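This briefing goes through one protein model, topic by topic. Please keep the sequence and the 3D view open while reading.

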Amino acid sequence: MRYIKENQTGSSIKNLCTWLFQLCVIADAIIGFDPRLYIVSKGCMLAFFIVMLFNIIWNLDLKIGSAFVLPVLFMLVTVASCMWADYPNATILKLTTQVQLYVLFFFTYALFTNETIDVRKYFDALYIAGIGMTLFALYRYGLTGIIKGMNEGKRIGRMITNENVFGMVFSKAAIVAFFYYLRSKKAQIRLIHIFLIIIFTFFAFSSGSKKAFLMILAGIFGINILENGIKKSWKTIMVSVLIILCIFLILQLPVFSTMNERIMGFFTGEKDKSELQRTKMIDLSLQLFYEKPILGHGFNNFGTITGLGAYSHNNMTEVLVSTGLIGFILFYFPYVNILKWGWKNGVMKKDYVVILFLILSVIYLIFGYGMVEYYDKEYWMFLGVMVACVDNEKIMRKEEGINASLQTIPC
């Protein structure tokens with residue numbers, strides 16, 4: 001995979017766009033759910049929109065590929081669903097925010113289809129977000145407050161955002177830090193990555209989020225498997241056993257009692273109150289889907305129809321209820337292109353940056369079971385980067401084919 005075009009540094013306006021994109025990722029992760037500071041996150045997004053629009057107009061450099069089409073069709077279906085929605089007002093009310101996420105996706109895509117932009121900037125932003133969230137958590141709680149709360153069996157994160165979101169910010173940062181640790185050759189840098197992995201993992205566990213816990217395991221194991229390959233499976237097994245043993249011992253500490261109870265409940269099949277509620281929501285979603293399987297009941301209608309006033313806490317069923325099978329196919333089929341691209345360029349060609357993208361794509365796909373992603377700002381930024389990566393390869397091949405054809409034309 002080509003990250004930066006040779007002998008080209010990129011203009012200052014493109015660099016500014018990249019910095020603003022990173023700021024959007026970081027601000028959304030840290031203060032995106034804080035009612036008092038949310039306006040700052042919105043301001044970062046608006047600044048990104050304005051500068052990207054100026055960049056497109058100024059440079060006349062907008063490339064669109066075929067992988068871009070399906071997400072756009074899904075967006076059109078959600079907007080059009082207000083015409084057949086059971087409660088059109090609920091759809092229109094949510095669309096005022098959702099359209100902003102679609103614009104964010106478009107500008108993210110437009111930024112990263114430019115071959116002078118290094119896609120690793122996205123991972124850097126996730127890493128910095130973990131560091132920023134650490135500092136913000138220490139500011140809000142204080143270290144003694146965090147440890148005291150954990151000893152009392154409280155989940156940390158509520159003073160900043162939802163506990164699951166809080167934990168997953170650190171999970172993503174830990175996965176990226178582990179990836180950078182494997183790729184770093186300097187001992188001092190590797191030690192810094194190890195230190196931050198420990199910090200990120202501690203805060204992820206402090207949230208008591210099973211999603212955060214499983215995300216770290218899935219990310220680290222996935223990177224190990226793809227890194228070592230089948231021929232060195234013994235190495236993967238050894239590392240996996242060592243990690244599991246370390247985590248098991250850590251969870252025995254009194255400070256992690258809440259996380260330990262939730263994880264043990266997960267493996268024993270015991271469901272807590274939130275899981276029982278989520279199961280009920282999934283059952284209701286499937287019933288609604290069977291009523292209108294083709295087009296669904298309309299975007300953002302689940303909460304109004306059921307009287308729960310909230311989404312279904314499962315991305316797959318939320319999409320099915322909102323937009324039916326048509327919307328479901330349009331939303332999830334892009335993953336076919338993403339996973340195929342990731343396997344070809346990451347696993348087969350050993351492009352380690354693509355491997356990390358592949359791992360995160362699988363995580364988003366699997367963890368949609370317990371969270372609704374398509375209302376999430378960070379998800380649409382991630383999707384924008386991923387779809388741009390898929391299309392970059394197609395656009396590059398097309399341009400090379402055109403250039404080759406022109407060279408054969410006699411002067």
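**Core and overall make-up**

The largest nonpolar core of this predicted model has 111 residues, and those with the most contacts inside it are Phe21, Phe48, Tyr122, Phe123, Phe357, Tyr374 and Trp380. Helix H7, residues 163-183, gives the most to this core, with 12 residues. The protein chain as a whole has 17 helices and 0 strands.

- Of the 411 residues in the protein chain, 52% are buried.
- Among contacts in the protein chain with a separation of 6 or more, 77% are between residues 24 or more positions apart.
- Tyr122, one of the core residues with the most contacts, touches Phe21, Val25, Phe357, Tyr364, Glu378, Phe382 and Val385 when residues up to four places away in sequence are not counted.
- Two of these partners, Phe21 and Phe357, are also on the list of core residues with the most contacts.

- Gly130 is part of helix H5, which covers residues 120-141.
- Ser171 belongs to helix H7.
- Gly130 has a relative accessibility of 0%, so it counts as buried.
- Ser171 is buried as well, with a relative accessible area of 0%.
- In sequence Gly130 and Ser171 are 41 residues apart, while their C-alpha atoms are 8.4 Å apart in space.
- Apart from neighbours within four places in sequence, Gly130 is in contact with Phe170, Ala173 and Phe200.
- With residues up to four places away left out, Ser171 touches Ala204, Ala212, Met215 and Ile216.

**Salt bridges**

How many salt bridges does a search of the whole structure find? The search gives 7. Three of them are described here, including one between Lys377 and Asp28.

- Lys377 and Asp28 meet through their side chains in a salt bridge, at 4.0 Å from N to O.
- This pair links distant parts of the chain, since Lys377 is in helix H17 (residues 377-408) and Asp28 is in helix H1 (residues 12-31), 349 residues apart.
- Is Lys377 buried or exposed? Lys377 counts as buried because its relative accessibility is 7%, which is under 20%.
- Lys292 is partly exposed at 32% relative accessibility, and Asp86 is partly exposed at 31%.
- Glu152 and Lys154 form a salt bridge through their side chains, at 3.3 Å from N to O.
- Glu152 is partly exposed, with a relative accessible area of 46%.

**Cysteines**

A disulfide is a covalent bond between the sulfur atoms of two cysteines.

- A search of the whole structure finds 0 disulfides.
- Cys24 counts as buried, at 3% relative accessibility.
- Cys82 counts as partly exposed, at 25% relative accessibility.

**Aromatic rings**

- The structure holds 43 aromatic pairs.
- Arg183 lies over the face of Tyr352, 3.8 Å from the ring centre.
- Arg190 lies over the face of Tyr181, 4.2 Å from the ring centre.

**Positive phi angles**

- Asn300 is not a glycine, yet it has a positive phi of about 65 degrees.
- Asn300 is found in the loop between H12 and H13, and it is partly exposed, with a relative accessible area of 22%.
- His313, also not a glycine, has a positive phi of about 60 degrees.
- His313 sits in the loop between H13 and helix H14 (315-332), and it counts as partly exposed at 26% relative accessibility.

Note on methods. Residues numbered from 1 in each chain as written. Predicted model: local features only at pLDDT ≥ 70, side-chain atom pairs only at ≥ 80, totals over all residues. Heavy atoms only, no water. Core = buried A, V, L, I, M, F, W, Y, C linked by side-chain atoms within 4.5 Å. Buried < 20%, exposed > 50% of the residue type's maximum accessible area, 1.4 Å probe, protein only. Helix = DSSP H or I, 4+ residues; strand = E, 2+ residues; numbered from the N terminus. Contact = heavy atoms within 4.5 Å. Disulfide = S-S within 2.5 Å. Phe/Tyr/Trp six-rings, centres within 6.5 Å; stacked < 30°, edge-to-face > 60°. Lys NZ or Arg CZ within 6 Å of the ring centre and 35° of its normal.
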